[in-house]
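Grab a pencil and work through the exercises below, one step at a time. Try each task yourself before you read its solution.

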Amino acid sequence: MALLGMLLGLLMASCFTFCLSHQNPEFALTSPEKSRTKEADRKETTAEEELDSEVLEVFHPTHEWQALRPGQAVPAGSHVRLNLQTGAREVKLQEEDKFRSNLKGLKKGRRLDINTNTYTSQDLKSALAKFKEGAEVESSKEDKARQAKVKRLFRPIEELKKDFEELNVIIETDMQIMVRLINKFNSSSSSLEEKIAALFDLEYYVHQMDNAQGLLSFGGLQVVINGLNSTEPLVKEYAAFVLGAAFSRAPVEKKCLRSHGDLPRCNPKVQVEAIEGGALQKLLVILATEQPLPAKKKVLFALCSLLRHFPYAQQQFLKLGGLQVLRSLVQAKGTEMLAVRVVTLLYDLVTEKQMFAEEEAELTQETSPEKLQQYRQVPLLPGLREQGWCEITAHLLALPEHDAREKVLQTLGALLATCRDRYRQDPQLSRTLVSLKAEYQALAALELQDGEDEGYFRELLGSINSLLKELR
């Protein structure tokens, strides 16, 4: 019985202790060592909270993982992970922050002291306020610096005018310059060199459509047209150069005699005034008489620009015997370069007439009925056949230059409907085409070896084959 009572007492004591430990953890039976560890942890946590509330060390993450020590603040947007091997927290910048460290959203800290790398919340607010003020000041400084730079580079127009007046320099408009150049050219006291220089400068200004039409307002165009009557070949040459530029608004002379698709736009008001002023007759006279080759070259340029897209001028050209003048020019010795230009001019006129014939068949609303009627009154194709241009064009195919052959082949194709029977009756043309076919087959093969599937010589070969097929 005594032993049973002792066991019962021990059991009751154990139950009482167990109940007390579950009711309040502070009364649990723990080892003194564990209690001291928990108390140290609570003190460390309290110290960290106090440190966090007052001063935190700034942590500057990089693109590599770095261990984060206790008490360090992590910038917002950083990438944080827990290293399972070491148990430490690691931090690095995210991919989109490769070139800057985003410090927004820091809880607290100090940044004013660069050496300590710490900051407080109050210091942060103060720094942000100063940053805004500094940005405004910097922006104001940049604006002032930009304005100062502009003032150094540019000056007000009033100051420029005043300086020019002191230097006796007058600012002229294009119209004033052209009036002055025309007066110099038309003055009897001007030397030949001064007249040529005036025409040379005038040609630069009349490329613009408004400037070319401005010549009409003060009679300048007629003065230049009258210059074609000069006894000086240079005056004729440069007067024709000015007229060609004013007619066509083409930037360079060679544009006049390109294929129809590449033709420059024309200046119809100036063209009409030139026809009424007798320019066409004067140009044909120069081409029909003995003149230096450079002068005839410029006159042919002016003639081309005057006839283009101007059916009334084309009618007058045929009435004045223009085809006969050009035939004599082509058949003269030493004029091969002019012959190619003449043939290309004829090609331009033929394709232009064919284009308007197609528009007439389609009855397009964009085409002027009056202009279509004028083109119907231009007997260009019958005139070419009667004047022997079928044979003349075919014989020019013997020229050695590839560019000249290309233009002649284009003209032969354009005249095919008009000259087919004449071509078939010309044995020399057939022999020339066969010889050129063999030559360009070899050149086209070399192009293929160089990797050019659609080369220049292959295109010429295609034109020759098309003509041979049509003439069988």
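**Exercise 1: a leucine in a helix**

Is L234 buried, partly exposed or exposed?

Solution. Before you start, note that this is a predicted model, where local features need pLDDT of at least 70, side-chain atom pairs count only at pLDDT 80 or more, and totals for chains, interfaces and linings use all residues. Residues are numbered from 1 along each chain as its sequence is written, and side-chain values use heavy atoms, with hydrogens and water left out.

Step 1: recall the cut-offs: buried means under 20% relative accessible area, exposed over 50%, and partly exposed in between (1.4 Å probe, protein chains only). Step 2: the relative accessibility of L234 is 41%, so L234 counts as partly exposed. Step 3: find its place, which is helix 9 (residues 233-248). Helices here are DSSP runs (H or I, at least four residues), as are strands (E, at least two), and both are numbered from the N terminus. Step 4: look for K195, which is 39 residues from L234 in sequence but 9.6 Å away in space, C-alpha to C-alpha.

**Exercise 2: the whole chain**

How many helices and strands does the chain have?

Solution. Step 1: count the runs, and you get 22 helices and seven strands. Step 2: check burial, and 37% of the 472 residues count as buried. Step 3: turn to contacts, meaning heavy atoms within 4.5 Å. Among contacts between residues at least 6 apart in sequence, 64% join residues at least 24 apart.

**Exercise 3: two helix pairs**

Solution. Two packed helices are described by the angle between their axes and the distance between the axes.

Step 2: the crossing of helix 13 and helix 16 is left-handed; that is, the near helix is turned anticlockwise from the far one by less than a right angle (clockwise would be right-handed).

Step 3: on the helix 13 side you'll find P311, Y312, Q314 and Q315, and they meet K371, Q374 and Y375 of helix 16. Sorted by type, the residues of this contact are three nonpolar, three polar and one charged. Here Ala, Val, Leu, Ile, Met, Phe, Trp, Tyr, Cys and Pro count as nonpolar, Asp, Glu, Lys and Arg as charged, and the others, Gly among them, as polar.

Step 4: H402, R405, L409 and L412 of helix 19 make the contact with L429, L433, L436, E439, Y440 and L443 of helix 21. This contact divides into seven nonpolar, one polar and two charged residues.

**Exercise 4: aromatic pairs**

How many aromatic pairs does a search of the whole structure find?

Solution. Step 1: the search gives five. Rings of Phe, Tyr and Trp (its six-membered ring) pair if their centres lie within 6.5 Å; planes under 30 degrees apart count as stacked, over 60 as edge-to-face and the rest as tilted.

Step 1: take Y204 and Y205, an edge-to-face pair at 5.2 Å centre to centre with 85° between the planes. Y204 is exposed at 59%, while Y205 is buried at 18%.

Step 2: Y456 and F457 are another edge-to-face pair, with 5.5 Å between centres and 65° between planes. Y456 is partly exposed at 31%, and F457 is buried at 18%. Together with Y440, they form one aromatic cluster.

**Exercise 5: a valine and its contacts**

Is V325 buried or exposed?

Solution. Step 1: V325 sits in helix 14. Step 2: its relative accessible area is 13%, so V325 is buried. Step 3: leaving aside neighbours within four places in sequence, V325 is in contact with L284, L287 and A288.
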